[in-house]
Every structure is written in structure tokens, then in C-alpha cells.
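Hello,

Here is the structure I promised to pass on. Please open it first, then read my notes below.

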Amino acid sequence: MTSHVTIHPKILYYGTPVVLLCTENQDGTTNISPISSSWALGNYVILGLGLGSQGLENLRERPECVLNLPNASLWQQVEALAPLTGRNPMPAYKKELGFRYEPDKFTAAKLTQVPSETVRPGRIGECPLQLEAIVRSIRIPEYAQMFAIVETEVTRVHADKQIVRGEHHINPAAWNPLLYNFRHYYGLGSELGKTYRSET
Ligand SMILES: Cc1cc2nc3c(=O)[nH]c(=O)nc-3n(C[C@H](O)[C@H](O)[C@H](O)COP(=O)(O)O)c2cc1C
């Protein structure tokens, strides 16, 4: 007995954390690209980036970035970035989607730039977790040439003291990532339990 039906959703954003990807523009300023396609394996984070974004162009030319993780309370500032691109001129499809060119996304979203320690793009001070990273590989799959799979290696982790427990652990009760759930923003509910490997 099943209660499922076949559907054809336009997107499959099934609830992943928002990452504010900082990359370096040609003129040395820092661009911010909101993304939600990312996953971590050990010290590596894999990103999915659409072709045509300034973030991807920057990573191809200058392969360093900062993966800033906003708290759920920052959702409106993330949404202020949503219709902006650092790409000028922008691809026709972005124009049709109502994007506008914005060279200074920090000011546009009222975010504070902080210098990084191991990479050139700046960090976002308001984000409780900031991962500096270098790009190890950029691959455009031959079966779908509209996005790139970007493999990064984290070189430094900055964590707000308020979400740190002990010396090197994140306190999951204090960290409330912003989730992108089928184009809606969510925070976390209360804890359900933990995995047997948890050290906290
Ligand atoms: C919450 C959110 C999640 C997004 N996730 C992605 C994503 O995972 N990959 C992607 O390429 N674009 C994603 N986008 C769209 C990019 O933000 C958009 O392409 C933007 O133009 C990137 O900025 P840039 O052109 O200055 O790099 C997302 C947008 C929002 C608001």
C-alpha cells in the first residue's frame, strides 16, 4: 500500500544549508553568491554552481573562496542577495529572471567584510561559521553542461565562540543553520537525537 504519486517538480532543493560563497572579483573586491548545493566530506566541501554566475567565473580565474554559513536569523539578508549578480554584463537568462548587477553585495545586504587569513576573498563577519578554502577541481559533467561541480579543500575554520563547545567542537544546540527548503527559508527545530559517533 503506498500513498505516493509521481510528480514533476521544477527544482529539487530538498532542504540544504545556505552557504554564502565569497570569491575574488577581477578588481580584487569580494563577491558573495548565495548557494545551497554543497556537501562536506572530511576536510573537503563540494559545491554545485550554475554556469553564468560570477562566483564560478571568479573560481575559475582565482581558485580561492570562503564558505560562510549564515545563522537562520540572517535569512532576510540572504534574500536581499537573491536577485543580485556580480556578473556584468549578465547572461540573458539571468536578465529574464529579474537579476540586477550589483558590484558591492556587502553594502547591498548590510553585511560586514572581514579579511581572511589563508585566502584572498574576504569573510562575512555576521556568519557564525566561515570556512576558508582552496579549489582543487572544477568539472562540468558531460551529461548536463549547465553547472559545474567544484571541489574545495578547507584551509581554515573560523567559528563564533558562542557556537563552540570545548576547544574544537561545534555545539549543535547553539548552531542554527539557515536551510533552503524548496525555495523557502527554515531554521532547525529542536534536537531529535544524535549519532553514535558524536563526541558532544
Ligand atoms: C538561497 C539560495 C540558494 C541558491 N543555491 C544555488 C546553488 O546551489 N548553486 C547555484 O549556482 N546558484 C544558487 N543560487 C542562485 C545564485 O545565488 C545566483 O546564480 C546568483 O546570481 C549568484 O551570484 P553571482 O552571479 O554574483 O555569483 C541560489 C540562490 C539562493 C537565494
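This is a predicted model: local features need pLDDT of at least 70, side-chain atom pairs count only at pLDDT 80 or more; totals for chains, interfaces and linings use all residues.

R183 sits in the loop between β15 and β16. Its phi is near 65 degrees, which is positive in a residue other than glycine.

F182 lies in the loop between β15 (179–181) and β16. F182 has a positive phi too, about 50 degrees, and is not a glycine. Its relative accessible area is 39%, so F182 counts as partly exposed. Why point these out? Most residues other than glycine have a negative phi, and most peptide bonds are trans.

That brings up the peptide bond between N88 and P89. It is cis, with omega at about 0 degrees. P89 is found in the loop between β7 (84–85) and α3 (92–96).

**The protein overall**

The protein has 4 helices and 16 strands. Does the radius of gyration agree or disagree with that of a compact globule? For 200 residues, such a globule would come near 16 Å; the protein has 17 Å, which agrees. Along the principal axes, the C-alpha atoms fill a box of roughly 55 × 50 × 30 Å.

Buried residues account for 40% of the 200. The accessible surface is about 12400 Å². Carbon and sulfur atoms contribute 52% of that surface.

Now the contacts. Take those between residues at least 6 apart in sequence: 60% of them join residues at least 24 apart.

On charge, the protein carries 19 positive and 19 negative charges. Their mean positions are 4 Å apart.

**Aromatic residues**

How many aromatic pairs does a search of the whole structure find? There are 3. A pair of aromatic rings is described by the distance of the centres and the angle of the planes.

Take W75 and Y185. Their ring centres are 5.6 Å apart and their planes meet at 35 degrees, so the pair is tilted. W75 is partly exposed, at 36% relative accessibility. Y185 is partly exposed as well, at 21%.

Y185 also pairs with Y180. This pair is tilted, with 5.5 Å centre to centre and 40 degrees between the planes. Is Y180 buried or exposed? Y180 is buried, because its relative accessible area is 18% and the cut-off is 20%.

Y13, W75, Y180 and Y185 form one aromatic cluster.

Start with Q54. Q54 lies in helix α1 (residues 54–61). At 13% relative accessibility, Q54 is buried. What does Q54 touch, leaving out residues up to four places away in sequence? The list is N25, N31, T85, G86 and R87.

Next, V164. V164 is in strand β13 (residues 164–165). With 28% relative accessibility, V164 is partly exposed. Beyond its neighbours within four places in sequence, V164 is in contact with A159, H169 and N171. W175 is 11 residues away from V164 along the chain, and their C-alpha atoms are separated by 8.7 Å.

Last, H168. H168 lies in the loop between β13 and β14 (169–170). H168 is exposed, with 71% relative accessible area.

**Where to click**

To go through the notes on screen, begin with the aromatic cluster of Y13, W75, Y180 and Y185. Then move to F182 and R183 in the loop between β15 and β16. Finish at the cis bond between N88 and P89.

Best wishes

Methods:
Residues are numbered from 1 along each chain as its sequence is written. Side-chain values use heavy atoms; hydrogens and water are left out. Helices (H or I, at least four residues) and strands (E, at least two) are DSSP runs, numbered from the N terminus. The radius of gyration is taken over C-alpha atoms; the globule rule is 2.2 Å times the number of residues to the power 0.38. Buried means under 20% relative accessible area, exposed over 50%, partly exposed in between (1.4 Å probe, protein chains only). Contact means heavy atoms within 4.5 Å. Accessible areas come from the Shrake-Rupley method with a 1.4 Å probe; for residues, only the protein chains shown count as cover. Lys and Arg count as positive and Asp and Glu as negative; His and the chain ends are not counted. The place of a charge is taken as NZ of Lys, CZ of Arg, CG of Asp or CD of Glu. Rings of Phe, Tyr and Trp (its six-membered ring) pair if their centres lie within 6.5 Å; planes under 30 degrees apart count as stacked, over 60 as edge-to-face and the rest as tilted.
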